[in-house]
Amino acid sequence: MTAKTVLIFTVIVAVLAVLAIAMTIRAGVKGKGTFTKGRTVGTVLLSLLLIIIVGTNGAIYNFNNIIDIYFNKINMDSPEIKQARDDAKDLTEKIESEGIVLLKNENNALPIQGKINLFGYSSLSVAYGGTGSGAGDESNNVDLYTGLQNAGFETNDELKTFYEERLTEKTGTDIFHLTGGDYNNYEPSADEFTDDIIDNAKSFSDTAVVVFSRSGGEGGDLPTDMADKVGGTAGKHYLELTDNERDMLDIAETNFDKVVVLINSGNPMELGFLDEDQIDAALWIGNPGSTGCNAIGSVLCGEVNPSGRLADTYAYDVTANPAYYNSGDFEYPNTDSLVQTQWFELEHYLYLDYQENIYVGYRYYETRWVDNETGKCDEEAYHKAVQYPFGYGLSYTDFVQKITGFENDGTTVKMDVTVTNTGDVSGKDVVQIYETAPYYVGGIEKSHVNLIDYGKTQILEPGASEIVSFEIPVEDLASYDWQGIKADGGSYVLEAGTYEIKVMDNAHDVLDSKNFVVDEDVIYNEANDGKRESDVTEAINHFDNVSNGNSITYVSRADWEGTDVTERPDWKDASEEIIDALENPKFPVDDSDEPITFAKNGLTVDGMKGLDYDDPQWDKLLEQLSLDDMVQLTGFGGFATAEVSSVGKYKTMDTDGPAGINGLVNGASGIQYTSAVTLASTWNQELAQKLGESMSNEAKVYGVSGLYAPAMNIHRTAFGGRNFEYYSEDGILAGKTAAGFARGTAENGIYCYIKHFALDNQETNRENVCVWTSEQAIREVYLKAFELAVKEGNATAVMDADSRIGTDWCGGSFALNNDVLRNEWGFKGMVITDYIGDNFKDADIAIFNGCDLMLSTLGEKVTDIVLDNNSGQQALRKACHNILYTIANSNAQELSKSGLSTWVYVMGIVDVLLLALVIFGLYKVAWKKRK
């Protein structure tokens with residue numbers, strides 16, 4: 001029973017229902033006797049029941065996708081699914097083993113073997129991942145005790161029992177929990193550790209392994225004041241040790257010869273305590289997912305040599321940067337919001353000023369203390385601020401990296417880096433390539449260093465070497481001139497001067513470098529040196545209203561003292577222009593647009609596979625879509641895409657997937673992979689691709705065509721609730737990781753929705769918040785990951801953010817979805833909203849501005865604003881083109897040819913029986929009238 005069949009049947013039955021009621025009323029008026037009255041009443045009741053069925057059929061027409069998904073439950077015990085899950089578990093352990101970062105290892109304290117004491121409430125309550133859409137099924141995960149025992153360790157059962165007796169059930173670890181993580185801290189107080197427990201532990205082993213965990217989740221950022229949290233202290237934030245944790249660490253430091261700390265967190269904690277001499281070694285383990293605890297044991301015992309590198313800067317004080325002071329809750333007090341979000345009604349319109357400009361993460365820390373004249377860093381000031389730089393990580397062995405080949409033809413820098421294992425243990429190493437571009441005071445803003453590429457070696461035995469080669473487009477070294485310093489209207493500019501290409505151990509420490517000189521400015525626009533090779537059209541300013549719209553004084557390295565932010569700014573009023581734009585969204589109707597045409601050309605979606613997006617056959621296929629087809633296809637995109645029989649398109653199924661398959665409706669539940677930040681910390685693009693292959697292989701056996709993944713927004717501050725679900729503070733690391741994932745899903749014919757596009761970097765007020773920043777920051781920091789996922793990963797699906805870019809909801813930003821994504825980068829495919837349960841996220845606005853599909857299980861259809869003019873119909877047809885292009889160039893059709901569900905047959909039989917009863921009733925009434 002197709003949706004169209006249901007619609008036709010509903011119309012027929014509705015007509016019969018009206019006829020039945022009319023005739024029975026007439027019969028009741030004209031007829032006489034008890035028999036006539038009883039039959040009349042019975043037929044009226046039957047007709048009323050029929051009306052209910054009509055309504056039900058109408059609902060089925062609208063909601064058949066989600067109903068079908070619900071009744072098509074997945075058989076989780078099938079051999080194919082079991083094999084896919086087993087393969088995924090193996091890969092999760094592999095990712096964790098390469099994502100673990102060795103932070104400290106004094107006197108080769110690690111690796112260790114034998115007996116160990118596990119301290120810390122988190123030793124039993126591991127943060128395997130986060131909550132919300134990035135959650136995963138934790139029910140069968142390998143716990144830390146099991147993981148260590150699998151690696152050959154003996155663990156202290158008495159300490160385990162001590163924590164088990166105090167264990168509180170985890171809350172909010174599922175996808176439905178959308179209010180952040182469980183930010184309470186349940187570490188027991190020091191006085192609960194009796195002398196017997198400590199003495200027995202000392203007798204058991206002289207080694208204490210101490211575990212500290214922090215969790216995050218969708219819907220809420222990490223607390224900056226723990227006053228109202230269990231185990232918290234007023235004035236302390238969540239990323240500091242609590243008083244009980246500090247006391248417990250003191251117990252370990254005082255009583256044990258060797259102390260090893262495990263940091264189980266997707267957010268950068270304040271780790272100054274690791275500098276203490278009593279702590280011998282420390283590992284950052286991220287979020288290990290289903291089987292990652294096996295990898296933790298393998299690293300601790302030395303079976304695996306840690307090769308991960310940090311994806312974020314670890315500062316001694318995570319609140320001492322300009323982005324922190326401009327994050328959180330900011331409102332326009334002079335506005336009265338009319339917006340109802342999914343969760344609450346807003347009192348005022350909201351905003352965020354990204355006042356730090358491009359200076360977020362290491363771009364701030366690595367530039368803040370550099371002298372503009374000499375390029376030298378004030379090392380004392382820097383090291384007071386930064387404990388572990390971006391890209392930091394140690395190994396159980398030693399490596400030497402040297403540039404052994406370097407040439408620049410003006411277009412491409414070709415570079416060979418020879419990596420040699422000079423130590424005594426086999427292992428992998430990461431090669432990090434950064435640039436230092438010429439900076440001119442008062443000119444285009446530039447970070448002192450920028451990551452431009454990276455690679456990872458295979459396992460190198462002691463004494464062995466490997467050459468890691470790079471080809472870096474020179475255009476990638478250009479900076480975006482949003483202020484028109486070099487060319488009006490904005491453009492990428494490669495300024496004249498000396499460029500240093502550096503092989504670095506991390507964002508701060510240089511291992512080797514080469515220089516080259518650019519003799520004169522290269523301006524990448526049509527009026528000067530032509531567009532960048534990687535772009536389809538030239539990059540020009542598309543966000544002047546965002547850069548200049550909220551009266552921001554941006555941070556500048558030309559004047560740190562005058563522009564750096566050291567305290568939280570006061571709220572400010574919205575201008576009349578901002579209020580008008582918020583309350584009066586524009587619909588770009590063009591009276592010159594031609595009407596669309598309709599025809600029956602006999603084409604199907606299956607016949608479009610492999611055809612170019614602009615192939616004339618697409619126009620013929622699209623002519624077969626009625627307006628109603630297009631309304632249904634674009635309006636019902638909640639974890640599915642709708643059936644369209646006129647072009648032979650089947651209904652398809654999508655699901656959440658940043659950390660594993662999360663079937664909200666059909667029960668499909670994949671294994672829990674490591675969190676995204678753990679994957680990024682491998683600095684291994686091949687592993688990212690293998691993750692895409694593995695997750696899409698799971699999707700295939702579940703019948704899923706599309707994944708709401710990867711999530712790839714920037715870690716703007718340490719307190720982002722979904723930092724675990726996002727890769728890094730750096731767009732290059734995030735983008736290349738995402739590109740690998742996208743290539744991997746495509747191997748199995750699955751499309752992935754790269755999300756959340758864009759500038760969605762905190763959970764507090766994430767919906768409807770106006771984000772303001774410079775176009776340079778937009779392009780160089782916040783769009784960079786998406787750009788690489790499109791250009792290098794060939795992603796064919798995008799999910800827009802809940803936030804606004806300036807005053808435009810991201811799903812309604814023509815500049816974002818069309819000017820940059822499609823026209824400039826060359827993206828081909830569909831764009832979906834995030835869940836569209838809020839009244840500011842509107843289907844009409846979306847369709848007019850390049851967002852094609854509404855993520856709504858209940859439907860969010862376009863209205864006459866779109867349907868009653870040529871511009872709207874053209875935009876609607878283009879949206880359908882985008883959706884069908886993605887579907888055609890995937891395995892969605894093959895995964896969806898499973899026939900009708902049982903519930904459809906049952907519903908059809910019920911409908912036929914009721915229709916027969918009504919016809920019989922009509923016949924009896926008509927017969928009685930004739931008699």
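**Figure 1. Overview of the chain.** The chain has 27 helices and 28 strands. The model shown is predicted. Of the 931 residues in the chain, 61% count as buried. Among contacts in the chain with a separation of 6 or more, 78% come from residues 24 or more positions apart.

**Figure 2. Helix α5 crosses helix α6.** Helix α5 covers residues 157–164 and helix α6 covers residues 195–204; their axes come within 9 Å and cross at roughly 145°. On the α5 side the contact is made by Glu158, Leu159 and Phe162, and on the α6 side by Ile197, Asn200 and Ala201. By type, the residues of this contact divide into 4 nonpolar, 1 polar and 1 charged. An α-helix has 3.6 residues a turn, so residues three or four places apart point the same way. In the α5 set, Glu158 and Phe162 can be picked out for this view, and in the α6 set, Ile197 and Ala201.

**Figure 3. Aspartate 199 in helix α6.** Aspartate 199 is found in helix α6. Its relative accessible area is 40%, so aspartate 199 is partly exposed, the range for that class lying between 20% and 50%. The C-alpha atom of aspartate 199 is separated by 8.7 Å from that of asparagine 255, although 56 residues along the chain lie between the two positions in numbering.

Figure 4. The structure holds 34 aromatic pairs. In one of them, phenylalanine 162 and tyrosine 163 are edge-to-face, with 5.1 Å centre to centre and 80° between the planes. Phenylalanine 162 counts as buried because its relative accessibility is 4%, and tyrosine 163 counts as buried because its value is 0%. Tyrosine 163 also pairs with phenylalanine 193: the ring centres are 6.3 Å apart and the planes stand at 70°, so this pair is edge-to-face. The pair links distant parts of the chain, with tyrosine 163 in helix α5 and phenylalanine 193 in the loop between α5 and α6, 30 residues apart. Phenylalanine 193, at 7% relative accessibility, counts as buried. Ring pairs link Phe119, Phe162, Tyr163, Phe193 and Phe256 into a cluster.

**Figure 5. Two arginines over tyrosine rings.** The charged end of arginine 214 sits over the ring of tyrosine 238, at 5.3 Å from the ring centre.

**Figure 6. Asparagine 357 and its surroundings.** Asparagine 357 is found in the loop between strand β8 (350–353) and helix α10 (362–368). With a relative accessibility of 3%, asparagine 357 counts as buried. The side chains of asparagine 357 and serine 774 are joined by a polar contact of 2.5 Å. Leaving aside neighbours within four places in sequence, asparagine 357 is in contact with Glu445, Tyr554, Val555, Thr773, Ser774 and Ala777.

**Figure 7. Helix α20.** Helix α20 spans residues 775–782 and is mostly covered, with 8 of its 8 residues buried. The buried residues are Glu775, Gln776, Ala777, Ile778, Arg779, Glu780, Val781 and Tyr782. Of these, Ala777 is also one of the contacts of asparagine 357.

Key. Residues are numbered from 1 along each chain as its sequence is written. Side-chain values use heavy atoms; hydrogens and water are left out. Buried means under 20% relative accessible area, exposed over 50%, partly exposed in between (1.4 Å probe, protein chains only). Helices (H or I, at least four residues) and strands (E, at least two) are DSSP runs, numbered from the N terminus. Axes are lines fitted to C-alpha atoms, for helices over the stretch in contact, and angles run from 0 to 180 degrees between N-to-C directions. Contact means heavy atoms within 4.5 Å. Ala, Val, Leu, Ile, Met, Phe, Trp, Tyr, Cys and Pro count as nonpolar, Asp, Glu, Lys and Arg as charged, and the others, Gly among them, as polar. Rings of Phe, Tyr and Trp (its six-membered ring) pair if their centres lie within 6.5 Å; planes under 30 degrees apart count as stacked, over 60 as edge-to-face and the rest as tilted. A charge sits over a ring if NZ of Lys or CZ of Arg is within 6 Å of the ring centre and within 35 degrees of the ring normal. A polar contact is a pair of N or O atoms within 3.5 Å; within protein, one must be able to donate a hydrogen and the other to accept it, and residues adjacent in sequence count only if both atoms are side-chain atoms.
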